[in-house]
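Here is a friendly walk through one protein model, taken a few places at a time. Keep the sequence and the 3D view open as you read.

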Amino acid sequence: MALARVDGVTYTYPGRERPALTDATFEVHPGELVCLLGASGSGKSTLMRALAGLVPHFHGGRFAGRVDVAGRDTRTIKPSDLAGTVASVFQDPEDQVVFTGVEHEVAFGLENIGVPPVEIHERAVEALDAMGAAHLAGRRTQDLSAGELQRVCVGSALALRPDLLLLDEPTSQLDPDAAEGLLDLLTALGCAVVISEQRPALPLERCDRVVFLEHGRVVIDATQAEGLCWLEETRPAFVAHESVHVGSDGDGATVCSVHSASHAYGDRIVRVPDIELRRGEIVALTGPNGSGKTTLAKLAAGLLEPVTGRVDRVGRASYLSQDPGRYVVAERVEEEVGLGVGGDLARARRALAAVDLDGYADRHPRDLSSGERERLGLASVLVTEPDLLVLDEPTRGVDPERKLVLAALLRSQAGSRATLVVTHDLVFAADVADRVVSVEPLREPVRA
């Protein structure tokens, strides 16, 4: 008997004309791992929200069809009534954090489902330990790196011991070892798991079923073996691809150098490795969560000041943050991109076309999918034509086919600038970079 059943669901968000889901139908059975795939904007996140009861109760809009979870019709019960049965981790972990303390954050969900107080601490610590995050229990959530915060959010969901675990891009900010550890853990949990991923290699190795969405429709629902064959034949970028790397014609002059630098976060001083970035070169910066990659990137771009050492930079620098959608301020997509060039909408539209968003100029930025917002952020920094381009996790929420396009775009423009790409996506790093610099795990930060 199915634990969850989606039956002919068609759903349209408020103010939108085109449905996000159209006649979507599939089932989730107890204990199975379902790998949910599709291009950015295909409806994966919406389908997750429907399984959690958030569509339509929280988001509103027009809903037809039926979703049953554990024998309960989500049209007639509140999402809170599914708490404990269903647990979700969203694409943007920053948006679901409530408390400033890590252990309090993990304990919050347990308190809400009525776990006896004497059990809460033990279950919270157990869940953090399962995520390799027990050492973070006493930390403040705002002091965590994006990857560390993602571990905490997944731990919060695991602590609930749900029957159905919904994970939307749960490895997007995890280093490869942490991502593999999470997938190994999911296969041993015993609960049903639906995981949406744009780094699909690990879940495809371990899943029971593959569901692929396209324009809101389920185009295939198959066993792992059948799904892999279908992907290889029709969507090869989701299983393997050849590198698009080509040479660059830049002049090789140094655009930025970081030497013996560190930055202070309150009384914590984080030291970063030396690096030199040259025009015409793309450098990929990899390493474990919390190793200081983002600190190094922000120092290079001039967003942070070093307390020791020095940063030398020539010309203009532009920086794309890990979650650019959080910093949107304009009402229209083209206006958002035009902010960096004094409101020049002609240049903004050319930048949008370069990232295949040329039909989105009049849309509101917050109506875009996660992957589309990532491309919007990319257009917003490319339009400034910087001498140094710093991209922090630019493939977050971006589907494998779109990553190939992104790599080709960055390579085609590499000669005009120095480019630093911070990423946990080692396949993308190999495709796009001339050099890969791996940052060592951060030792206990120095106290000022």
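Leu 37 touches Lys 44, Glu 197, Pro 200, Leu 204, Val 210, Val 211, Phe 212, Leu 213, Leu 231 and Phe 238, leaving aside residues up to four places away in sequence. Contact here means heavy atoms within 4.5 Å. This is a predicted model, in which local features need pLDDT of at least 70 and side-chain atom pairs count only at pLDDT 80 or more, while totals for chains, interfaces and linings use all residues. Residues are numbered from 1 along each chain as its sequence is written, and side-chain values use heavy atoms, with hydrogens and water left out.

Leu 37 also belongs to the largest nonpolar core, which has 47 residues; together with Leu 165, Leu 186, Val 193 and Leu 231, Leu 37 touches the most other members. Helix H5 (residues 146-159) gives the most to this core, with seven residues. A nonpolar core is a set of buried Ala, Val, Leu, Ile, Met, Phe, Trp, Tyr and Cys residues joined through side-chain atoms within 4.5 Å. Buried means under 20% relative accessible area, exposed over 50%, and partly exposed in between, with a 1.4 Å probe and protein chains only. In soluble globular proteins, nonpolar side chains tend to be buried together.

## An enclosed helix

Helix H1 (residues 44-51) has seven of its eight residues buried, so it is largely enclosed by the rest of the structure. Those buried residues are Lys 44, Ser 45, Thr 46, Leu 47, Met 48, Ala 50 and Leu 51. Just after H1, Gly 53 takes a positive phi of about 80 degrees. Helices (H or I, at least four residues) and strands (E, at least two) are DSSP runs, numbered from the N terminus.

## Two helix pairs

How do H3 and H4 pack? Helix H3 (residues 102-112) and helix H4 (residues 117-130) meet at an angle of about 120 degrees, with their axes 9 Å apart. That makes H3 oblique to H4. Angles under 35 degrees count as roughly parallel, over 145 as roughly antiparallel, 65 to 115 as roughly perpendicular and the rest as oblique. Axes are lines fitted to C-alpha atoms, for helices over the stretch in contact, and angles run from 0 to 180 degrees between N-to-C directions.

Helix H12 (residues 370-382) and helix H13 (residues 400-413) pack at about 5 degrees, with axes 13 Å apart. H12 and H13 are therefore roughly parallel to each other. Their contact is made by Arg 375, Leu 378 and Leu 382 of H12 and Arg 402, Leu 406, Leu 409 and Gln 413 of H13.

## Backbone details

The peptide bond from Val 55 to Pro 56 is cis, with omega near 10 degrees, and Pro 56 is found in helix H2 (residues 54-57). Asp 23, in strand S2 (residues 21-28), has a positive phi of about 50 degrees although it is not a glycine. Glu 393 is another residue other than glycine with a positive phi, near 55 degrees. Glu 393 lies in the loop between strand S17 (388-392) and H13, and is buried, with a relative accessible area of 3%.

## An exposed tyrosine

Is Tyr 327 buried or exposed? Tyr 327 is exposed, with a relative accessible area of 55%. Tyr 327 sits in the loop between strand S16 (317-320) and helix H10 (333-338), and touches Ser 321 and Glu 336, not counting residues up to four places away in sequence. Its C-alpha atom is separated by 23 Å from that of Gly 43, 284 residues apart along the chain.
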